Each structure stands twice: as structure tokens, then as C-alpha cells.
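Hello,

Here is the structure I promised to pass on. Please load it first, then read the notes below it.

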Amino acid sequence: MIIGQKTFDTEHHTYIMGILNVTPDSFSDGGKYNSLDSALYHAKEMAENGVDIFDIGGESTRPGHIQISDEEEIERVVPIIAKLKTEFDIPISIDTYKSNVAEAAIQAGADLVNDIWGLKYDEKMAGVIAKNQTTCCLMHNRDNTEYSNFIEDVLDDLKETIRLAKQAGIEDDKIMLDPGIGFGKTYEMNLEMMKHVDSIQTLGYPVLLGTSRKSMIGLTLDLPADQREEGTLATTVIGMMKGCSFVRVHDVKANYRAIKMTEAIMRKHEIN
């Protein structure tokens with residue numbers, strides 16, 4: 001898979017998408033990096049610690065978040081994307097479900113659109129991605145938790161997302177899928193999705209796992225968002241062993257080390 005100018009070997013390596021929220025209200029790091037200087041400083045930290053993709057978010061999508069206008073979101077993300085493009089040779093993802101924001105971000109230099117609604121919120125999103133020949137991460141999501149057969153229903157939902165992508169002209173090699181841990185799922189469903197995340201691979205696309213500091217970990221360990229690093233690392237390792245090609249995380253250094261160690265063990269197992 002090619003993202004920006006970089007080639008990603010999604011069959012043999014797990015890559016790190018580092019979260020950079022330029023928001024005042026994200027559930028874990030809201031307000032920490034919503035100035036240009038603080039965002040750049042954190043991006044530099046992530047680059048030094050092994051990040052492979054920057055994921056820029058301008059609107060919190062935590063449960064109960066307040067939606068902001070396209071214009072406000074664009075004002076938040078475009079300056080940092082443009083600056084990152086000049087400072088780092090690292091692909092940039094825009095975390096948005098709005099086509100206007102995606103278009104502005106792509107024009108500013110974004111290489112990937114990370115859509116938490118899998119093309120189903122904004123009917124123009126698929127066309128924007130296809131027109132710009134941009135790579136995309138398409139997440140599973142629902143506005144309810146009513147399933148008849150959970151895993152099969154998730155796969156069916158993602159098949160509909162893929163249909164929308166292909167109908168718009170998005171090429172297969174520009175698509176990755178996200179099982180949507182923490183979105184449209186109960187606590188028990190999130191654990192089940194984590195256990196069966198390899199089922200997403202049957203659809204034939206690289207898989208991104210986004211569990212970092214999420215409520216599934218907080219509820220299991222009874223810990224606040226800023227104390228969920230160990231739980232996140234457990235999901236990263238399990239995700240790797242189940243074939244995930246990308247992990248989207250806050251704590252780049254710790255996840256980089258966990259991935260490096262896990263890959264060494266997995267390669268040794270393959271050799272023997």
C-alpha cells in the first residue's frame with residue numbers, strides 16, 4: 001500500500017498511526033496540542049519515537065461530542081497539516097467524516113482520509129477521495145448497538161462501505177478497514193470484536209486497529225484515560241498476532257517497542 005510517497009508492507013509489518021488531536025475537548029488529550037507550537041512539538045516527539053503516519057483530528061468524536069462546523073474544523077486542521085508537510089517526510093492522515101474538511105485537508109497536503117463513518121455520513125466523501133486518488137481508512141460504525149449476529153453484521157456493514165467506495169471509483173489498493181472499536185458497540189461487543197478482529201481480514205484489505213486509551217480498556221481495568229497505556233499495548237500485540245497492519249495510538253514510543261518485540265518473536269516462530 002502506498003500512502004503519500006511511502007510504501008507500506010502491510011503483509012509483513014505493523015505500522016504506527018500517531019494521534020494528534022488539535023481539539024480542546026478530545027476524551028484523552030483535549031486541549032494539549034490545539035496550538036500550532038504544541039502540535040508541532042508533539043509531532044516531533046512522535047517522529048523521534050517511530051511514528052509512521054500522523055493522524056490529525058480537528059473535532060472530537062468521543063461519545064457525546066458536540067459537532068462543530070466545517071469551517072471551524074478546517075481552520076483547526078489545515079495550518080498544522082501544511083506545517084507538518086514542510087517539516088516532516090511522514091504521511092499525514094486527516095481524521096474527518098466531512099467531505100469539505102477532507103477536501104481542504106487534501107489540498108493542504110493530507111495523504112489519507114480516516115473516515116469514522118465509512119463513507120456513510122457524507123454522501124460526497126467517497127467522491128472526494130476518488131477524485132483526489134487519496135488513500136482512505138474506512139471504519140465500521142452504527143448509530144445503535146442492535147445486531148442479530150454481531151460479527152457477521154459488522155462484516156456486512158463493511159461490505160456496504162466497500163461497495164460505496166468502489167462505486168465512487170476508489171481503487172482497492174487505496175483502502176484499509178477499521179473494525180471500529182468503541183463505536184456502535186457495547187463493552188462486551190468491543191471485547192468480542194477485539195477477539196475476532198482477524199475476521200475483518202477476510203474482506204481482503206489491510207486492517208487498522210484503533211483501541212488507544214478507549215473505554216473498553218478503562219472499563220476492564222477501572223482506569224482513567226491517561227492510565228490506559230498497558231491495556232492499549234495488550235490490544236496492540238493481540239492485534240498484530242491477528243494480522244492488523246496498522247495501529248492508531250497516542251503513546252508512540254511504547255507501542256513502537258511492543259511492535260518491535262512482537263515482530264521479532266513472530267519472525268522467529270516463522271523461521272522455526
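**Val77 and helix α2**

Val77 counts as buried because its relative accessibility is 0%. Buried means under 20% relative accessible area, exposed means over 50%, and partly exposed is in between (1.4 Å probe, protein chains only). Val77 sits in helix α2, residues 70-87. Helices (H or I, at least four residues) and strands (E, at least two) are DSSP runs, numbered from the N terminus.

Before going on, two notes on the source. This is a predicted model: local features need pLDDT of at least 70, side-chain atom pairs count only at pLDDT 80 or more, and totals for chains, interfaces and linings use all residues. Residues are numbered from 1 along each chain as its sequence is written, and side-chain values use heavy atoms, with hydrogens and water left out.

Back to Val77. Leaving aside neighbours within four places in sequence, Val77 is in contact with Val22, Ile56, Gly57, Gly58, Ile94 and Val101. Contact means heavy atoms within 4.5 Å. Val77 and Pro179 are 102 residues apart in sequence, and their C-alpha atoms are 25 Å apart in space.

**Helix α3 and what follows**

Helix α3 covers 99-108. Of its 10 residues, 7 are buried, so α3 is largely enclosed by the rest of the structure. The buried residues are Ser99, Val101, Ala102, Glu103, Ala105, Ile106 and Ala108. They pack against α2, β5 (92-95), β6 and α4 (125-131).

Just after α3, Gly109 takes a positive phi of about 130 degrees. Asp111 is found in the loop between α3 and β6 (112-115). Is Asp111 buried or exposed? Asp111 counts as buried, because its relative accessibility is 13%. Not counting residues up to four places away in sequence, Asp111 touches Ile3, Gly4, Lys85, Pro91, Ile92, Thr134 and Thr135.

**Helices α5 and α6**

Helix α5 (residues 150-168) packs on helix α6 (residues 187-195) at an angle of about 75 degrees, and their axes are 10 Å apart. That makes α5 roughly perpendicular to α6. Axes are lines fitted to C-alpha atoms, for helices over the stretch in contact, and angles run from 0 to 180 degrees between N-to-C directions. Angles under 35 degrees count as roughly parallel, over 145 as roughly antiparallel, 65 to 115 as roughly perpendicular and the rest as oblique.

Phe150, Ile151 and Val154 in α5 meet Met189, Glu192 and Met193 in α6. By class, this contact has 5 nonpolar, no polar and 1 charged residues. Here Ala, Val, Leu, Ile, Met, Phe, Trp, Tyr, Cys and Pro count as nonpolar, Asp, Glu, Lys and Arg as charged, and the others, Gly among them, as polar.

**Cavity**

How many cavities of 30 Å³ or more are there? The count comes to 1. The largest cavity has a volume of about 30 Å³. On a 1 Å grid over the protein atoms alone, a cavity is a set of points where a 1.4 Å probe fits but cannot get out; lining residues have an atom within 4 Å of a point. Grid points are joined across faces, edges and corners, and a volume is the space filled by probe spheres set on the points.

The lining of the largest cavity consists of Trp117, Gly118, Lys120, Met139, His140, Asn141, Asp157, Leu158 and Thr161. The largest share, 3 residues, comes from α5. By class, the lining has 3 nonpolar, 4 polar and 2 charged residues.

**Loop residues to look at**

Gly180 is in the loop between β8 (175-178) and α6. Gly180 counts as buried, at 0% relative accessibility. Beyond residues up to four places away in sequence, Gly180 touches Met139, His140, Lys185 and Asn190. Met139 and His140 also line the largest cavity.

Most residues other than glycine have a negative phi. Two entries here have a positive one:

- Gln133: phi is near 50 degrees. Gln133 lies in the loop between α4 and β7 (135-139), and counts as exposed at 54% relative accessibility.
- Asp222: phi is near 55 degrees. Asp222 lies in the loop between α7 (215-221) and α8 (229-241), and is exposed, with a relative accessible area of 68%.

Best wishes

How values were computed: 1 Å grid on protein atoms, 1.4 Å probe; cavity = no way out; pocket = protein on both sides within 12 Å on 5 of 7 lines; lining within 4 Å.
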